[in-house]
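Work through the exercises below with the sequence and the structure at hand. Each task is followed by a solution in steps.

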Amino acid sequence: KETYDFCVAVLNSDKVQLRNKSLPFSFIVVDGTFAGFEIMNPLSPNEFLFAVDVKDEKISQKLIAYFNELWKTAEETGLKQLVGTKSTLFDAQSNL
């Protein structure tokens, strides 16, 4: 319950912006140096195949630039749109 409450508080903060965008793959960049991204199965596009983890500033910067482009065209949304109605949040909390 404590973790749930923390996550809801963070996501409801005025300092957090949420946007929704369909992505061809997921990725992460840490400290502008470490990057990780997934490779999907070309024969089954919804199926994860493997992940790549690299320490490469150039790749990391390209992924950051890619993220910024995605962010510009992503739909602004709020927590309710991402996880459902307020009652859904309370229902999820009661199940913790």
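The exercises concern a predicted model.

**Exercise 1.** Describe the secondary structure of the protein chain and the order of its elements.

Solution. Begin with the count: the protein chain has four helices and five strands. Then turn to burial: of the 96 residues, 16% are buried.

**Exercise 2.** Compare the span of helix 2 with the expected value, and find what caps its N-terminal end.

Solution. At the N-terminal end the cap is Asp56, with a side-chain oxygen 2.9 Å from the backbone nitrogen of Lys58.

**Exercise 3.** Which residues of helix 2 are buried, and how are they arranged around its axis?

Solution. Ser60, Leu63 and Leu70 are buried in helix 2. Viewed down the axis, the buried residues fall within an arc of 80°, so they line one face of the helix. Their cover includes strand 2 (27–30) and strand 3 (34–41). On the face turned away from the buried side are the exposed residues Glu57, Lys58, Lys62, Lys72 and Thr73.

**Exercise 4.** Locate Asp31, give its phi, and decide whether Asp31 is buried or exposed.

Solution. Asp31 sits in the loop between strand 2 and strand 3. Its phi is positive, about 55°, although Asp31 is not a glycine. Most residues other than glycine have a negative phi. For accessibility, exposed means over 50%; Asp31 has 67% relative accessibility and therefore counts as exposed.

Methods:
Residues numbered from 1 in each chain as written. Predicted model: local features only at pLDDT ≥ 70, side-chain atom pairs only at ≥ 80, totals over all residues. Heavy atoms only, no water. Helix = DSSP H or I, 4+ residues; strand = E, 2+ residues; numbered from the N terminus. Expected span 1.5 Å × (residues − 1). Buried < 20%, exposed > 50% of the residue type's maximum accessible area, 1.4 Å probe, protein only. Arc of directions from axis to C-beta. Contact = heavy atoms within 4.5 Å. Polar contact = N/O pair within 3.5 Å; in protein donor to acceptor, adjacent residues only side chain to side chain.
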